[in-house]
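Here is a short briefing on one protein chain. Look at the sequence and the structure first, then read the points by topic.

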Amino acid sequence: SMLDSFLSNLKRGAKKIADNPQLIYTVVVALFITSSFVFMAERFIKISSGAQERLVNVRVGSLQDAFVLFASDKINDPEYLNRKIESIVRTNETIKNFRVVRKTVVPDPEAGTLQNSYLIIASGNRKEINQIDNQVSFLYTLASSDPGNSMTVSSSEDDERLFKTARAITDETGNVLGVAMTTQTLSLADIAIKRNIRNSRILLLAVILTVLLLFLRHSKIIDYMTLYKKLKEVDQLKDDFISMASHELRTPLTLIRGYAEFVLAAPELSSQTKDFISRIDMSSKDLDTLVSDILDVSRIEQGRMSFKLEKIDPSGIIEKVVGSFLLPARKKGLTVSFDKSKMTVIRHINADPERLKQVLINLVGNAVKYTEKGGIAVKEYEEKERLYIRVSDTGIGMTEEEKARLFEKFYRVRTEQTK
């Protein structure tokens, strides 16, 4: 009968497993790996969804922090605010709307009294400018209650997830002049997440099948793959942490520099106090540069490095960079020269001006730093329709071994001369 056949096959299977204990280990580990993959995939989906929301809020919060720094001075210049808002909306596809709202008092014809209303003075949607929108009263009150932070509430319209964020615009005494409000859509993120989830599940299934087939041939393969994946996940978590931490540092740095500039403008400060504040501002700039470098490393490793190419005059950028190092070089008794006498044809090139400036600052700055006597010579010249920029110095130089490691991440020569 069917029952006898099933019992017979079950006995043969049990005997085979008893004769080959490795099969028990294989089955247990295979089930464990399969369950682990499913669990990690679901965890990844939840974490990625939450991370996407946090990143959207962090980015918008940073935009609002920068916006309110100048908005208080331009609160009575709606056209200027509109131009800035249009620029922000144009370069941030997740922002559905950006508006500035002021609280005003208007008469109520029916009640014969005055009532609070909320006037839109600037907006990414010009049709709503100078319109009253009393539906924003909750967000306005929420932002006014804590002017130093951005306030976010979630909502949905037509199955579209939205985040509405408000940040108070205050004057020097802390009085609320208005509120900057943004509406961020997560529709693009949701589409991308759903696509990634589908692809991840397909990839997950393929990986599980592959792992099981390989494990049947050799159980050690699973150990190696598990170790590799853990190392890769740790490395990715490290990169994600560095990237997110660097972005988070930008907000306090912006506030520090903003307050430092504000305090420097006070006439009653002594020269010594102004010198101390200038040092604070200078250190903040150095730290901001360091944060930018860390973000650049993260972008390079993830293949997200971008360049804004435009037609520029390289000579002007070189002159500015060289000029910025004249005083430090003079203090060390060094000479700094810039020779462009061999430039005859090439006047402009297509390049990213900020990246070009960054490279030149690194080269000339290191030349000044590691040169004790003599000087630094910067030359700009043409050869065979190509533009060359050469930085030469009479410094300590580098060995062949040190040159070979020149482009390693965060590599630095460690000698008595570089301490």
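The protein chain has 11 helices and 10 strands. The model is predicted. Of the 419 residues in the protein chain, 28% are buried. The points below cover the chain as a whole, its nonpolar cores, its salt bridges and a surface patch.

**Whole chain**

- The protein chain exposes about 28,100 Å². Carbon and sulfur atoms supply 58% of that area.
- Take the contacts between residues at least 6 apart in sequence: 60% of them join residues at least 24 apart.

**Nonpolar cores**

- In soluble globular proteins, nonpolar side chains tend to be buried together.
- The largest nonpolar core holds 17 residues. Those that touch the most other members are Ile 317, Val 321, Leu 360, Val 364, Val 368, Ile 376 and Val 378.
- Helix α10 gives the most, with five residues.
- Ile 317 touches Ile 312, Pro 353, Leu 356, Lys 357 and Leu 360, leaving out residues up to four places away in sequence.
- Another core, of 16 residues, lies apart from the largest one. Its members include Phe 67, Ile 75, Tyr 80 and Ile 88.

**Salt bridges: Arg 99 and Glu 128**

- The whole structure contains eight salt bridges. One of them joins Glu 128 and Arg 99, with the closest N and O atoms 2.6 Å apart.
- This pair links distant parts of the chain, 29 residues apart. Glu 128 sits in the loop between β2 and α4, and Arg 99 in strand β1 (residues 95-108).
- Are the two partners buried or exposed? Glu 128 is buried because its relative accessible area of 13% is under the 20% cut-off. Arg 99 has 12% relative accessibility, so this residue also counts as buried.
- Asp 133 meets the side chain of Arg 99 at 2.9 Å.
- Leaving aside neighbours within four places in sequence, Glu 128 is in contact with Asn 97, Arg 99, Ile 120 and Ser 123.
- With residues up to four places away not counted, Arg 99 touches Ile 85, Ile 120, Ala 122, Ser 123, Glu 128, Asp 133, Val 136, Val 179, Ala 180 and Met 181.

**Salt bridges: Glu 79 and Arg 126**

- The side chains of Glu 79 and Arg 126 form a salt bridge, at 3.2 Å from N to O.
- This pair also links distant parts of the chain, 47 residues apart. Glu 79 is in helix α3 (residues 78-91). Arg 126 is in the loop between β2 (113-123) and α4 (137-145).
- Glu 79 has 40% relative accessibility, so this residue counts as partly exposed. Arg 126, at 38%, counts as partly exposed too.

**Salt bridges: Glu 400 and Lys 403**

- Glu 400 and Lys 403 meet through their side chains in a salt bridge of 3.6 Å, N to O.
- Where does this pair lie? Both residues are in helix α11 (residues 400-404), three residues apart, about one turn of the helix.
- Glu 400 is exposed because its relative accessible area, 61%, is over the 50% cut-off. Lys 403 is partly exposed, with a relative accessible area of 44%.
- Elsewhere, salt bridges that share partners join Glu 79, Glu 86 and Arg 126 into one network.

**Nonpolar surface patch**

- Leu 69, Leu 255, Tyr 259, Phe 262 and Val 263 make a nonpolar surface patch of about 470 Å².
- Which element gives the most to the patch? Helix α6 (residues 220-264) does, with four residues.
- Leu 255 is in helix α6. This residue has 32% relative accessibility, so Leu 255 counts as partly exposed. Patch members need over 30% relative accessible area.

Technical notes:
Residues are numbered from 1 along each chain as its sequence is written. This is a predicted model: local features need pLDDT of at least 70, side-chain atom pairs count only at pLDDT 80 or more; totals for chains, interfaces and linings use all residues. Side-chain values use heavy atoms; hydrogens and water are left out. Patches are made of residues with over 30% relative accessible area and no salt bridge: like charges are joined within 9 Å, nonpolar side chains (Val, Leu, Ile, Met, Phe, Trp, Tyr) within 5 Å. Accessible areas come from the Shrake-Rupley method with a 1.4 Å probe; for residues, only the protein chains shown count as cover. A salt bridge is a side-chain nitrogen of Lys or Arg within 4 Å of a carboxyl oxygen of Asp or Glu. Helices (H or I, at least four residues) and strands (E, at least two) are DSSP runs, numbered from the N terminus. Buried means under 20% relative accessible area, exposed over 50%, partly exposed in between (1.4 Å probe, protein chains only). Contact means heavy atoms within 4.5 Å. A nonpolar core is a set of buried Ala, Val, Leu, Ile, Met, Phe, Trp, Tyr and Cys residues joined through side-chain atoms within 4.5 Å. A polar contact is a pair of N or O atoms within 3.5 Å; within protein, one must be able to donate a hydrogen and the other to accept it, and residues adjacent in sequence count only if both atoms are side-chain atoms.
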